[in-house]
Amino acid sequence: MQQISFSLSEVEVSDAEDIARYVQVPAMQNGPLYRTMFPLSDTMTEEQRNEVIRWYADMLEDAFQDRWENFLKASSTDGTPIGFCGWTVIERNRKQFEGKNDQVDEQLKKENQKKESWIPEVIDVDCWTSLSGALGKERDRVLGGLDNICRLTFMAVDPKHQRQGIGSAMMQRICEETDQHGRCAYVLAAPEGVRLYTKFGFEIVGRVETLQGTITSMLRQPQQS
């Protein structure tokens with residue numbers, strides 16, 4: 001496969017539509033989370049697919065505007081987004097960060113309110129809610145006693161450009177930052193992501209089983225150079 005040239009940079013609010021359409025939805029549409037949320041995805045009409053993309057784009061635009069989370073995009077030489085990742089830092093026990101974490105909690109509430117303001121007609125709300133609860137319990141189980149954590153919230157590469165070093169480049173950037181600050185890193189990984197995270201030192205600490213596949217709970221300890 002021919003290698004593509006790409007660069008890494010911060011996201012702009014105006015990137016939300018292209019990232020949702022060309023990176024996020026294509027990358028996750030065969031994964032257990034997406035297929036649980038959209039069990040009829042194989043028979044969606046073009047209008048329904050566009051509605052799902054608009055929903056994800058709206059959520060990304062809100063997140064990009066709020067700026068409480070860290071985001072990075074990979075772009076081809078013509079500026080088209082071909083990769084995307086996001087992460088947030090949790091520092092519960094340091095007083096100097098209490099205000100920031102209060103802000104994160106408040107932003108999470110706002111994001112949930114925005115999600116509830118409109119949802120695609122084709123989403124299975126009951127399945128989405130049930131799986132979200134299971135993932136939250138697993139996350140709390142692993143992270144409950146930890147502090148100074150980098151939690152990965154997004155990691156996606158356009159399927160046409162996977163296995164060309166884009167995901168590794170984004171992970172390298174994140175791992176360098178977490179190691180610099182002595183942070184653990186945590187992710188709930190779709191099946192296709194487990195190999196990448198293992199490559200960067202994540203270890204499996206749990207699993208959440210769904211009818212559409214396994215979501216793997218993975219933790220990485222800070223590493224010294």
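1. The protein chain in this predicted model contains seven helices and seven strands. Followed along the sequence, these elements occur in the pattern β-α-α-α-β-β-α-α-β-α-β-α-β-β.

2. Of the 225 residues in the protein chain, 45% are buried. Among the contacts in the chain with a separation of 6 or more, 72% are between residues 24 or more positions apart.

3. How do helices H1 and H3 pack, and at what angle? Two packed helices are described by the angle between their axes and the distance between the axes. Helix H1 covers residues 16-28 and helix H3 covers residues 46-66; the angle between them is about 120°, and their axes lie 8 Å apart. H1 is therefore oblique to H3, and the crossing of the two helices is right-handed.

4. The residues that form this packing can be listed for each helix. On the H1 side they are Ala16, Glu17, Ile19, Ala20, Arg21, Gln24, Val25 and Met28. These meet Asn50, Ile53, Tyr56, Ala57, Leu60, Glu61 and Phe64 of H3. Sorted by class, the contact of H1 with H3 comprises 10 nonpolar, two polar and three charged residues.

5. Gln65 also belongs to helix H3. Is this residue buried, partly exposed or exposed? Gln65 has a relative accessible area of 46% and therefore counts as partly exposed, since that value falls between the limits of 20% and 50%. The C-alpha atom of Gln65 is separated by 6.3 Å from that of Val13, although the two residues are 52 residues apart along the chain.

6. Is Glu138 buried or exposed? Its relative accessible area is 8%, and because buried means under 20%, Glu138 is classed as buried.

7. Which side chain is joined to that of Glu138 by a polar contact? The partner is Ser217, and the polar contact between the two side chains is 2.8 Å.

8. For viewing, two places may be taken in turn: the right-handed crossing of H1 and H3, and the surroundings of the buried Glu138, including its polar contact with Ser217.

Conventions:
Residues numbered from 1 in each chain as written. Predicted model: local features only at pLDDT ≥ 70, side-chain atom pairs only at ≥ 80, totals over all residues. Heavy atoms only, no water. Buried < 20%, exposed > 50% of the residue type's maximum accessible area, 1.4 Å probe, protein only. Polar contact = N/O pair within 3.5 Å; in protein donor to acceptor, adjacent residues only side chain to side chain. Axes fitted to C-alpha atoms, helices over the stretch in contact; angles between N-to-C directions. Helix = DSSP H or I, 4+ residues; strand = E, 2+ residues; numbered from the N terminus. Parallel < 35°, antiparallel > 145°, perpendicular 65-115°, else oblique. Left-handed = near helix turned anticlockwise from the far one by under 90°. Contact = heavy atoms within 4.5 Å. Nonpolar A, V, L, I, M, F, W, Y, C, P; charged D, E, K, R; others polar.
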